[in-house]
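Subject: Structure handover

Hello,

Here is the structure you are taking over. Please open it first, then read the notes below.

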Amino acid sequence: MPIRPLKIGFLSQFSPNNRRDSSGTNYKMAEHLSKIGHLHWIKIRRQPWNRFVELFEKAFNKLSPKKIKLDGTLLWGRFCEKPLDKKELDRYDIIVAFFCSNTLARLNTDTTIIYFTDATFPCMLDYYRQWTNLPLWNRNSGTQVEKAAMDKASAIIVSSDWARNSAVQDLNQDKRKVHVVEFGANIDDSDLCIEIPHTSSGALELLFLGVDWERKGGAIAIDAINHLNNLGIKATLHIAGIKNPPAGIENNPHVNFMGFLNKNIPEHYRRLVDVIGRSTALLLPTKAECAGIAFAEAEAFGLPVFSHDTGGVSNYVHDGCTGRLLPLGSTGADFAEAIADAVRSGAIDRYSDNARALYKERLNWNTWGERVSVIINSIVDK
């Protein structure tokens, strides 16, 4: 007698069909969850006055030295999100909740839940700039909501050891139910290079890939590219993902500004694939990072990565193996020296081989799907 396929509810504010939302992570997750069972999007809907609350938060944060972060708090859930129907929720075999601690904390269902996230509320406090200088009530409320959400889940799947440690230590979760499964590259396998060109000689084509110029360390990357050329190492920095050209790059002969690239637009997606494929390494000296899809995408093409050792980055970049992770506070000159040393010693070719191997072993969505499938089946079979 055939086994009925699982009915999976995909709980998220993001459409599983949109490659742009959350860097396309929800798209890839949904694609591989669909191989496990029948997937249905349970859309988190907003109340009519949601926009008013967002504008209030934005105005308050602009005018006050104290900041507030309302999404993820009890206040937000009560006033800004429409409640979900229990009858609809109960018809699924399992619900996968994607980046929605507030909704999950208030969910009324008997269905088994798996919670996916790349960070916890406590580990984000005073880490990303939007989470700095929050009042005590905001910190306590956000932490309370995050814990309530995790308590409801039968399994918690996070994207790094950094997030797992916070779930266990800050939110008292049983370490046996918190699993680390790294994200994959949001690039189609058919677009990956088969052969990796080794690049220990010749001009360097470095890539900066990100939307948040300040947080991703854009100024440090520019400084590094200038230092490399001053050291006599010819290098170009391709900047992809930023909407507007950062100040001071207009007359820099070592910078190629490509603008924002939307993966939903075939022409933009092709330009992104092309620039990754012809680059030598990823230079992304991010100051704060939960995981970083850009690292997986670069390593899928065999690109060594030069970044900071912060947040969840070390699950995606292994220092001295697939690139270099420098301590926070490192300068552009420090990154230039690390890159120059890798080039002169020939280590950059070894980093390249190891980067591609790490992608094949862990940083791909097929592996993600297989590992998540094991977790889901172990819960459903209980």
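At what angle do helix α11 and helix α13 pack, and how far apart are their axes? Before that, two points on the source. This is a predicted model, in which local features need pLDDT of at least 70, side-chain atom pairs count only at pLDDT 80 or more, and totals for chains, interfaces and linings use all residues. Residues are numbered from 1 along each chain as its sequence is written, and side-chain values use heavy atoms, with hydrogens and water left out.

Helices α11 and α13

Helix α11 (residues 293-300) packs with helix α13 (residues 347-361) at an angle of about 115°, and their axes are 7 Å apart. That makes α11 roughly perpendicular to α13 (angles under 35 degrees count as roughly parallel, over 145 as roughly antiparallel, 65 to 115 as roughly perpendicular and the rest as oblique). Axes here are lines fitted to C-alpha atoms, for helices over the stretch in contact, and the angles run from 0 to 180 degrees between N-to-C directions. Helices (H or I, at least four residues) and strands (E, at least two) are DSSP runs, numbered from the N terminus.

The crossing of α11 and α13 is left-handed (the near helix is turned anticlockwise from the far one by less than a right angle; clockwise would be right-handed). On the α11 side, Ala296, Glu299 and Ala300 make the contact, meeting Ala355, Arg356, Leu358 and Tyr359 in α13. Contact means heavy atoms within 4.5 Å. By class, the residues of the contact of α11 with α13 are five nonpolar, no polar and two charged (Ala, Val, Leu, Ile, Met, Phe, Trp, Tyr, Cys and Pro count as nonpolar, Asp, Glu, Lys and Arg as charged, and the others, Gly among them, as polar).

The 15 residues of α13 should span 21 Å at 1.5 Å a residue, which agrees with its end C-alpha atoms being 21 Å apart. The expected span is 1.5 Å times one less than the number of residues in the helix. Buried residues of α13 include Ala347, Ile348, Tyr351, Ala355 and Leu358 (buried means under 20% relative accessible area, exposed over 50%, partly exposed in between, with a 1.4 Å probe and protein chains only). Among the elements that cover the buried residues of α13 are α11, β11 (305-308), β12 (323-326) and α12 (332-345).

Helices α9 and α12

Helix α12 also packs with helix α9 (residues 218-230), at an angle of about 55° and with the axes 7 Å apart. That makes α9 oblique to α12. The crossing of α9 and α12 is right-handed. In α9, Ile220, Asp223, Ala224, His227 and Leu228 meet Gly332, Ala333, Phe335, Ala336, Ile339 and Ala340 in α12. The contact of α9 with α12 has eight nonpolar, two polar and one charged residues.

What do the buried residues of α9 pack against? They pack against β7 (204-209), β8 (235-240), β9 (255-259), β10 (281-284), β11 and α12. The buried set of α9 is Gly218, Ile220, Ala221, Ile222, Ala224, Ile225, Leu228 and Asn229. Just after α9, Gly232 has a positive phi of about 90°.

Most residues other than glycine have a negative phi. Phe99 is not a glycine, yet has a positive phi of about 55°. Phe99 sits in the loop between β3 (94-98) and α5 (101-105) and is partly exposed, at a relative accessible area of 24%. Asn172, also not a glycine, has a positive phi of about 55°. Asn172 is in the loop between α8 (161-169) and β6 (178-180) and is exposed, with a relative accessible area of 58%.

Single residues

Leaving out residues up to four places away in sequence, Val145 touches Gly72, Thr73, Leu74, Ser101, Asn102 and Ala105.

Asn50 belongs to helix α2 (residues 50-63) and is buried at 8% relative accessible area. With residues up to four places away in sequence not counted, Asn50 touches Trp76 and Cys80.

Gln130 lies in the loop between α6 (121-124) and α7 (136-152), and is partly exposed at 40% relative accessibility.

Regards
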